[in-house]
Amino acid sequence: MIQQIDYFAIAPPLVLALTAGLVLLLDAFLPARPRTRGALGFVTLAGVLVSLGFVVAQAAGGGTPRSTFCVPPGLADPATAQCSFVADRFTLVFAGMVLAAAVVVVLLSMTELAGGGIPVGEWYFLLLCTFVGAVTLPASRDLIMLVVALELVSLPVFALTALKRYDGRSSEAAVKLFVVSVVSTAVMLYGVSLLYGIAGTVFLSRLEEVFGGQAEAPGVALVQGDLPAVGTVGVVLVVAGFAFKIAAVPFHAWAADVYQGAPVPVAALLSVVSKAAGFAGLILVLVAALSGQAATWIPIVAVLAALTMTAGNLLALRQRSAVRLLAWSSVAQSGYILAPLAVTVTADGVTAVGASMAYLVIYAAMNLGAFAVVMLVSKTTTRNELDDYRGLVFRRPVAGLALAFCLICLAGLPPGLAGLFAKVFVFRELVEGGSGWLALVMAANTVIGLYYYAVWTARLFAPAAERDAAPRRTFPATGSAIGLAVAVAVLFSVAPQLVLDATALSAFG
Amino acid sequence: MMGWLPVALLAVPLVGALLLLLAPHALRPRLRAYGLVLSGVTLALAVLMVAVFDYAGAARPQFEVDQPWIAGLGLRFHLGVDGISLPLVALTALLTFLCFVYLCWGRERAGEQLMRARPRALVFTLLVLEVGMIGTFLALDLLLFFVFFEVVLIPMYFLIAIWGGEGRGAASAKFILYTLLGSVVMLLGLLLVWAQTGTLDIEALAAAHGAGMARSVQILAFVAIGVGLAVKTPMWPLHTWLPDAHTEAPTVGSVLLAGVLLKMGTYGFARIAIPILPDGAAAVAPWLGALAVVGIVYGALACLAQRDLKRMIAYSSVGHMGFVLLGFATLTPVGVNGALFANVAHGLITGLLFFLAGAVKDRYHTADMPSLGGGMLATLPRLGSLLTFASIASLGLPGLAGFWGEMLALFGAFQPANVLPRPLFLTYMVIGGLGAVLTAAYFLVMLSRVTHGRPQRPARPAARVLQEVGGPPPAVPDDVAGPPPAVLDDVGRPPGDVRTHELLAWTPLVVLILLFGLWPGLLLSLTTPAVLTLLGVAS
C-alpha cells in the first residue's frame, strides 16, 4: 500500500527543516560579508514566521484534528487507525508557543551574532533543527517518534552551547549538558523499552488502552489493571528522563552552569523552547498514554513538583549573576508547571493539564522578556551580575521597565497580572483536586521567590553608583524581541482568558 | 444607574498613572499640580458618591457594575458600594488627597525633599496605590478583591524602599514578604470557598450565609482567609512587620499604611470572612477574641517601652486593631458596628498622628522622644496642641472619634452572640478595658515627655561631642526662665510652627474626628443596616 502523507499537517516542521537546509546552502555559497549574517538571520526569521503561519492556519481551520503517518485499520491488531503524527489542539498550542518563542530567540541571536565570533550558518542551522524537534514533539503520538523528536531538540543545543569557541565556560557547559542529556536519554530509552515490552506497541493510544486495562497486555499478565513491578520501573524511568529535560529535582544541578556558560539566546532557548518540549513529552506520556496508571505516577510527580520549586527558589536566593538567577528561577517555575499534573484525576484530567499549559504559555512570555533584557545588558557589561542592573531604569528606561514588569510577572504580583493569574490557575487545580499540602508548599515558595525577584527589581530603580560614560548603543533586534515578549505578557495580563481559551478546552482531540 | 461612578473612581488614578508613564516630559513641569488634581478629582467623585448614595438602602450594594472578565476563572469585574465600604472609600480618597496636599504645597522641607527625589515616580506610586486601595473596598468578587488586595503591595514596597529611612531595605522586604505570605494563604482559602460553592460572587455568597459548605470546610477556609487578613490588620502575633515598616516609611507612606492599608485587613473580615463563613467564624471567634485582647495589652505595653515616636504610634495601631478584631469576634451587630466605627476612627486619628510625627521628625531631625526634650507646647504651640489633640483622640476620650468604636467593641463583648461562651468574652472585655487604661497611660506619658515640661535643648550631636571630649558641662542650666532656646534647623533658623500646607492637610482630619466624636450616629446609621444583613439578623 502507499502511505498517504498529509503535507498540510506536517507543514510547520517541514518548512523549518527546509529553511534549515537553505540556510546551510546560503552560508556556503554567499560571500562571507557582515551583511550576509543579517541576511541569514532574516531568512531564518522568515522560515519561523511561515511555519507559525501554517500553525495559525491549522488552528483557524478548526474541524477534526489532522493526522498522518498512520497505520490503517486492520493492518495492525486494533481495529482503529493509529497515527504517529497528530495536529490537534494540544499540538497547535505547543507549536504556536514554541514558534513564537523561536521568533524571540532568533531576534536575540541576531544581536549575539553581530559580534562575529560565532559561525553564522551553523548557528541558524542548529537553531532551526531544534525548532523542528520542538514542533514535532507535541505532535508525536508514538514512543519512537517522541524520543527522536526529543533528541532533535537536545542534540543541536550542545553544539549551540559550544559555538562560542575559545570560551572555556562555554565548552564546559556544553560538555555538562551533553553528558546529562545523554544519560537522561539512555534512562528514558530504557523506560520506553520496558513500556514497549509490556504493551507490545509504541502508539500512545494503544498504550493507553493496555495500561487502562481495556486491552490485554501481550508482554505480561496485567492483574486487575495493576502494573507489575517492571511497569512501575518503566514509568519511573520515563518520568526521570523527562525530568532531566525540564531540570526537575533531583536532575536540576546542570541548569545554572549551562545557562551561564551558554550564549544568552541559547539560555533563553533552553529555558523556554527546550523546557516546553520536555513538558509536552511528559504530558503526552503521562496523560495520553499512562493515565490508567495515574496512581503510580501522581505521587512521584507531586513530590517532584514540591522539591523542584523549593530547591529552585532556595538556590536562586543566593545568586549574584543574572543568568544564574534566571536559571534557578526557571527551575522553580518548572515546579509550578509540574504541580497541576500531580492532581490529574482520571475522569477529567484535561483541565488540570490545561492549567499546566496555561502556566507554561504565560511563563514563556515573561521569561523571554526577562532574557531579552539580560541579553541587552550582557552586551554592555562583561560579567552580567545583578549589580550591573543598578539604575537600569534611568539609563535605559524602556528596557528597565520591561525587565521590572517581567520580574514582577514571574513573582506573580500585580501589575504583572499574567503571572498572578497563572499562579491562580495552578492554585485552583490544587485546591479543587484536594492537594492542599502541595498548595501550601507552593504558597511558601511564592513568598521565597518574591524575595529575589523583588531585590532584583529594587536594584533596577536604585540610583547607579557611577554614570557610565560609554556611548549608548542600540540593538534593534533585541529591542524588538523585548517589545514582542513584553507586549504578549501585557496582553496576557489584560486578557488571560485568551490563554485559557487556547489551553483549557479538551486538550487531546 | 450611576454604575460609572465606581469605575471612574478606579479609572481616574489609573489613567493618570499611565499617562505619567507615557508622556513623562510633557507632565514633568506640572507634577505637583498633576497629582493634586487627579487625587482631587478622585476625592470629588468619592464625595459625589457619598452625596448620591441611597441611605435608605445602605444594606445593599449600590452603583453596581458587573462585567465578565475572565470566564475561565469565573472572575467578574463586579464592583459596588454599601454602608460598610462607603466610609472606607471616602476615607481612602480623602487621605490620598491630603497626602498630595502635604506633598505638593509644601514649598519647603519634607514635602519638598520627597518631591525632589524622583517626583514622577512618587506621584505614580501614590496613584497606583490609590487604585489598589479603592478597588479593594469596591470589589464584590472574591478574586477581584484578591487582585486589588495585591495591587497595593508593589507600590507600598517601593514607597518604603526608595523614599524610606535608614533601614528601609530590610523593612520593605519584611513588609512585602510578610504580607504576601498572608495573602497567598488567603488566596487558598478563597479558592477553597470557590471550590465548595462554585461561585466567586460576594453578594451571593453572603446571602447564602455559608449554605453548601460543611462546618469543617468553613473552619478551614476561615482560618486560611483569617490568617491572610490578620497579617494585614495586623493581629498579634503576626504584626512584627508593622513597626519596622512604619518607622522606615516616609510620612505619606505611614499615613496611608496606617490609615488605609490596615483597614483592608479588617474590611476583609466584615466583607468576606464573617458573612460568608458564619459557622467557621463562630468556631474561631473565641480564638480571634483571645488574640485580639492579647494584641490590645501587648500593643499598649510595647508602646510604653518605645523611645521612637513613630514606632510608638505604630505599636498603638496594633492595640487599636485589637479592639477592632475584638468587635468582630463578638459576632454581634453592636460589636461589628463598633469595629467598623473604630476602623474609620483609627484611620482618621492615626493618619493625623503620623502626619504630626512626620512634622516633628522633620523639624527636629529625630523622632526619639528623649532627644526631643519637652515643652513642645511652649516652643511650637500649634504643633504641640495638635499632637495633644490627636493623642487624646487616640486614647479614646469621650467626645472624640476614638471613643465610640472601642466602647462599642467592649460593649459587644459584654453580650456576645449566643453561640459564643459569654464568660470568656466577659474576661476579654475586662482585659480589653485594662488595655484601654494602658493606652491612656502611654499616650499621657508620651505627652508628658514631649509636649509638657520645660523646654530643654535636645541632645544635639554637637553637645554630645563636647561632653565626650571632656569639655565642661554648661555651667548655666538651660531651663532658667527666659525665652526658650530654639532648636535650629539645618539652615540655622528655628523650626517654624505649623505651616499653611500642613494646616490644610490636617484640618479636615481634625474636623472629622470631632464630627464623628460628637455625632457617632452619622457613621453608625450607615453601617448598621449593612451589618444586620451581613450577620443575617435582619433576614
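Predicted model: local features only at pLDDT ≥ 70, side-chain atom pairs only at ≥ 80, totals over all residues.
Q: How many of the 539 residues of chain B count as buried, in percent?
A: A residue is buried with 20 or more other C-beta atoms within 10 Å of its own, exposed with 12 or fewer, and partly exposed in between; C-beta atoms are placed from the backbone. Chain B has 24 helices and two strands; helices (H or I, at least four residues) and strands (E, at least two) are DSSP runs, numbered from the N terminus. Of its 539 residues, the buried part is 60%.

Q: Which helix of chain A gives the largest share of the side that touches chain B?
A: The contact takes 23 residues from chain A and 26 residues from chain B. On the chain A side, helix 16 (417-432), helix 17 (436-461) and helix 19 (497-504) each give two or more residues. The largest share, nine residues, comes from helix 17 of chain A.

Q: How is helix 20 of chain B oriented to helix 21 of chain B, parallel or antiparallel?
A: Helix 20 (residues 401-414) and helix 21 (residues 422-450) of chain B pack at about 155°, with axes 7 Å apart. Axes are lines fitted to C-alpha atoms, for helices over the stretch in contact, and angles run from 0 to 180 degrees between N-to-C directions. Angles under 35 degrees count as roughly parallel, over 145 as roughly antiparallel, 65 to 115 as roughly perpendicular and the rest as oblique. Helix 20 of chain B is therefore, to helix 21 of chain B, roughly antiparallel.

Q: How many nonpolar residues are in the contact of helix 14 of chain B with helix 21 of chain B?
A: The axes of helix 14 (residues 278-304) and helix 21 of chain B come within 8 Å and cross at roughly 20°, so the two helices are roughly parallel. Residues that meet include Val293(B) and Ile296(B) in helix 14 of chain B, and Tyr428(B) and Leu438(B) in helix 21 of chain B. Ala, Val, Leu, Ile, Met, Phe, Trp, Tyr, Cys and Pro count as nonpolar, Asp, Glu, Lys and Arg as charged, and the others, Gly among them, as polar. The contact has four polar and no charged residues, and the nonpolar number is 17.

Q: How many residues of helix 7 of chain B are buried?
A: Helix 7 of chain B covers residues 142-151. Its buried residues include Leu142(B), Phe146(B) and Glu150(B).

Q: Which residue of strand 2 of chain A is the bridge partner of Arg66(A)?
A: Strand 1 (residues 66-71) and strand 2 of chain A run antiparallel, joined by five bridges. Two strands pair if DSSP finds at least two bridges between them. In strand 2 of chain A, the partner of Arg66(A) is Ala87(A).

Note on methods: Residues numbered from 1 in each chain as written. Chains lettered and ligands numbered in written order. Contact = placed C-beta atoms within 7 Å.
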